[in-house]
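I opened my notebook to look up a few contacts, and you are welcome to read along.

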Amino acid sequence: MSAQTDPADLPGVTKEQEPSPAAARVPGRRGGTGGTGGARSARGSSEGKTLNVFSHGVLVIWGLLVTMPLLWAVVSSFKDDTEIFGSPWGLPSVLHFDNWSRAWDKANMGQYFLNSLIVVGGSLIGTMLLGAMAAYVLARFDFPGNRFLYFLFVGGMGFPVILALVPLFFVMKNMALLDTYHGLILVYIAYSLPFTVFFLSGFFKTLPTSVAEAALIDGASHTRTFFQVMLPMAKPGLISVGIFNFLGQWNQYLLPTVLNVGDPDKKMLTQGLVALAVSQGYKGDWSGLFAGLTIAMLPVLAAYIIFQRQVVAGLTAGALK
Amino acid sequence: MKHGKYRFIAGFLVLPLAIYAIFVISPFVQAIYYSFTDWTGLSPDMKMVGFDNYARLFKDDVFWSAVGNSVTLLLLLPVVTLSLGIFFAFMLNVGGRRRKKAVIGGVRGSGTYKILYFFPQVLSVPIVALLFQFAYNPESGALNAFFQAIGLGNVQPDWLGDPQIALWCVMAAMVWANVGFYVVLFSAGMSSIPKDFYEAALLDGANRFNTFFRITLPLLWDTVQTGWIYMGILALDVSAFAFVQIMSVGPGGPDYSTEVLPLYVYQKTFRDGQAGYATAIGVSLLIVTLVFSAIVMRLGRRERLEF
């Protein structure tokens, strides 16, 4: 498994490995050479058939196990409470769209959604820009302390975040950053930097030096070379790590749970969902809760289906490096 | 030119480094210092107590059940998740009918399977945890309703409320959420193994079982090892915290049967106001993490084959 220079080309992720449709359509034409070859082939074919049935069997079962809970949540979000309790597996008799509007307005899911958009938007831009800058310098310039700084950044990947949280809470408190959008943005950026720097510096190393040198000879400054030449060249890497960071930051739960507890209207979506589960549990509004869950779930799933290739490549790129 | 270069380097590094140092490095360093104090976390007063916090750990039963549960997760979660991931990936890649010239082939629709399996990976932990919490609900949850429907009405486990099985219930949700990622990851690895290897093995009379253990697994070993470390960190840190905190009764209950180290750190700090003691628990968590990574690296050291 050599390093993938272009994660969008990951084999097997983007391509089917069916040989060719023509070959697949002529199952009878095999092993005509007679002798041992034919015998082996016949045994192989029956073995292949059993295996095929077996593998489709287990694959379908897991497919159902994965999709059923999600479908069940969506279906439940249209039921009323009696139906949810009375017949958990049945279909709703009437589509209760009011669950959705109640969750969106009254349970603040709309506001939480917006909060997540603001914070993740800000932190994603910041992470990509600062991460790329640091990675570029660390990957392509020789200066004293380069290795030390690189390992300082990359080392952050292996530490348990929970250990840093207690002091982090007080660092934020002293800087008056608790319960603010910009405070959370800064923390998200900081905790995304280790992987971003690790991944992008690997990526910048693979880019040819000649292009950057040509730009410098033509009189471009280092800064200009970075923004106008190197950054565009690094686009595949930026997209991969961008998707990775987007999902990580959008789904972040631990950091806001600790650092964002003052103002109930400033909750992130993940936090808001859990708060909703706790409060609706007491109020008994289960249908509203399912609607909230579906509101949180569907946009990400839709985005995933649309950008499926890029998402998979982005998330797996780091593990294959 | 030279001067310009250093100014450029400094200019590009100062902001990322400052943010990283303030919000990541300094809290880590402080945490280790606080673990030697009796800090409550509420007031600025604290005094050094040496190794008292660590000594206290040895007599703390909840800490030991958290260690036990964390280690259980650490050992079982990667095994179960990665095995299922490899199993499904192998089925996807070799389970197909034998076709002309192709010694082994993927099943039809393997792309669709991969898309479906990956679904849970893009959802946030709270969504998955809440989904499973509903499913486990003993009175009206989908699972017990399902048992009722298939005639097992008298089997109505308490799921998350039963200390015997609560941790397994949480673990099932974590496995469910992560298998898809490894199916896709291992699939990518498997399809990059040259087909000639399989052809040669089949000519030598190997069956698929043999080819899996003699070819696929060894050539996939690097990826498996990376996956192992990912899952281990997941089992010890953020993910375990979120799953247990959201799903379990208490949280951490019933009867501390689902208490895990990261959750205990959180509770000691923000619920009990014992930040100094909590950071000592955090340091022990760090040690478990480091030992785990070292062992995996050590055990995983194999000769690397380039192809």
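Which side chain meets that of B:Asp272 in a salt bridge at 2.8 Å, N to O? I looked it up in this predicted model, and the partner is B:Arg271.

Next I checked how open the two are. B:Arg271 counts as exposed at 51% relative accessibility, while B:Asp272 counts as partly exposed at 29%. Shared partners join B:Lys268, B:Arg271 and B:Asp272 into one network of salt bridges. For the link between B:Lys268 and B:Asp272, I noted closest N and O atoms 3.1 Å apart. B:Lys268 counts as buried, because its relative accessibility is 10% and the cut-off for buried is under 20%.

I then counted salt bridges over all chains and found 3. One of them pairs A:Arg102 with A:Asp98, with 3.4 Å between the closest N and O atoms. Both sit in helix α4 of chain A, 4 residues apart, or about one turn of the helix.

My next entry is on two helices of chain B. The axes of α5(B) (residues 125–136) and α7(B) (residues 166–191) come within 10 Å and cross at roughly 135 degrees, so I wrote them down as oblique to each other. On the α5(B) side, B:Val128, B:Phe132 and B:Tyr136 make the contact; from α7(B), the residues include B:Cys169 and B:Trp176. I sorted the contact residues into 8 nonpolar, no polar and no charged.

Last, I visited B:Ile86 in helix α3 of chain B. B:Ile86 is buried, at 8% relative accessible area, and touches B:Phe186 and B:Met190, among others.

Technical notes:
Residues numbered from 1 in each chain as written. Chains lettered and ligands numbered in written order. Predicted model: local features only at pLDDT ≥ 70, side-chain atom pairs only at ≥ 80, totals over all residues. Heavy atoms only, no water. Axes fitted to C-alpha atoms, helices over the stretch in contact; angles between N-to-C directions. Parallel < 35°, antiparallel > 145°, perpendicular 65-115°, else oblique. Contact = heavy atoms within 4.5 Å. Nonpolar A, V, L, I, M, F, W, Y, C, P; charged D, E, K, R; others polar. Buried < 20%, exposed > 50% of the residue type's maximum accessible area, 1.4 Å probe, protein only. Salt bridge = Lys/Arg side-chain N within 4 Å of Asp/Glu carboxyl O. Lists of a residue's contacts leave out its neighbours within four places in sequence.
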